[in-house]
Amino acid sequence: MEISEANMDSFGIEVILPEEGKTAPRCPHGPTLLFEKVDNGGNKGRRFYACSACRDRKDCGFFQWEDEKVSKARMLAREAEMLSKRPRFTQQECCSRFVQFASLPFIEKKFCEDCQILLLPAEHSAHSAHRTTAVTAAQLRRPSILLCPLDNKKSNAQYLFTDRSAHFLLDTLVGLGYKKVLCVGTPRLQELIKLRNLEPMKSLLLDIDFRYAQFYSQDEFCHYNMFNHHFFGGEASRAVLDAFLTEADGEQVVMVADPPFGGLVKPLANSFSLISQTWKKLRNSGDSNIDIPIIWIFPYFFEPRILECLPALTMLDYQAALQKQRPQLQVDYDNHPLYKHGKTGRRQSPVRLFTNILPKQVVLPREEGYRFCSMCQRYVCSLNKHCTKCNLCPSKDGREWKHCSACGKCVKPSWSHCTSCGRCALPDHPCRQGDGGNGCFSCGSLEHQRKACPLRDMRRKNSLGPKAKSLGKKASPYLAKPGAKKKSGVANRAKKRAANAL
């Protein structure tokens, strides 16, 4: 079962945050999350547990109804699976291996690209049939380049900061006086801090990718799942975080988080809030209204969800550029429609910074097309013009937006006001007519939307094709005849509107 926050709106599935004192069943990625299906009338359905980190059951097949009684055999099978998926080395063993590896002569320093591990001399023969490469001292300091990125966008896709974005972030943090940087899923920032040797700045990397344990000490890396706030190292890792969050001798802490863009906002915000609560307890300042300074890197179209969970955050105009790295091959996404860095045009990076740091304190580079708006008291994109009617710089995507008097707000330049819908939309949008809003994109009915379509489950079964026949399924009367051209939902809706107009 595939679960994403985008289709949660379509299928009516909600995330239920864990209650204190209630234990959730575990999968190889730690405690699972509780989900609940809700129908159009607001009636709540049966709750179930699923993996917190993976939205595709091909990656993690855990599924359990909340009220389900699990047999002993099934529990043993789960334990065996979790045991089989544990890293081959403990974090302490990884640290010991790194010390040995660093002392080897260059000719003996090998990295197995197939197994993604640093090899000691005694292990070379066992990996002789694998792809191995020599490792330089510079590569040891840049593990994000040495390691192949995890590219499953539904669980742990690794789009890393370009050097331009990483240097900007680090320069900003240094300028604001932070001495400790908690890097949550930001390995590129972690290694840049160490590369630049910015004493006395310290950093701690929390990441679900255990491969980074090969390159950092136990005080520099914790194996962590940001979707359920789970430390795989248990209390020892929690103690490392507590020690890092303790602000001794004026060492200010800031958290920089870069979650997978397909991740669920609600559990992420909950984990970041729990880290902030820990920081408050260790701070002992008595002011419970102050949260840990945070910079959350995420696409701008998630702004409503993020502000719903963490209303103290503000979205900045800075466009973070990302890239994907592979050993001996760099594929830069600067020309990708989602990750391009540019000053103009639609094809720009959608990645923004959400922060509770005062916006005017985050100085965006003028040479990259940013300016300071004295009325908004923050730096904005050069095309993001201040609207006197809205009293803000409204653009979210880097283009100059226009004000619509009928809507009473600024909208995208490609949109125009539709009197039938009573709102702004693209010129070729399907107009809202009837009680069903935009109608059903599946069957074309104007009386309901796709998520409530009575033919949806029928068509899902029919999509099984020959498999459905083998299971004794009857052929659906709604299946198109062989060779018939299937009409789109828009065409069906237009046909029904024309019939209604007669």
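I take buried to mean under 20% relative accessible area, exposed over 50%, and partly exposed in between (1.4 Å probe, protein chains only). By that rule, 45% of the 502 residues of the chain count as buried.

I note that this is a predicted model, where local features need pLDDT of at least 70, side-chain atom pairs count only at pLDDT 80 or more, and totals for chains, interfaces and linings use all residues. Residues are numbered from 1 along each chain as its sequence is written, and side-chain values use heavy atoms, with hydrogens and water left out.

**Overall content.** I looked up the secondary structure, taken as DSSP runs numbered from the N terminus: helices (H or I, at least four residues) and strands (E, at least two). The chain has 13 helices and 26 strands.

**Cysteines.** I searched the whole structure for disulfides, meaning cysteine sulfur pairs within 2.5 Å, and there are 0. What is the closest cysteine sulfur to that of Cys51? It belongs to Cys27, at 3.7 Å, too far for a bond. Cys51 counts as buried, at 5% relative accessibility. Cys309 is partly exposed, at 30%.

**Helices H6 and H7.** I then turned to H6 (residues 163-175) and H7 (residues 187-196). Their axes, lines fitted to C-alpha atoms over the stretch in contact, come within 10 Å and cross at roughly 70°, with angles running from 0 to 180 degrees between N-to-C directions. That makes H6 roughly perpendicular to H7 (65 to 115 degrees). In contact (heavy atoms within 4.5 Å), H6 residues including Leu169 and Leu170 meet H7 residues including Leu192 and Ile193.

Note on methods: Angles under 35 degrees count as roughly parallel, over 145 as roughly antiparallel, 65 to 115 as roughly perpendicular and the rest as oblique.
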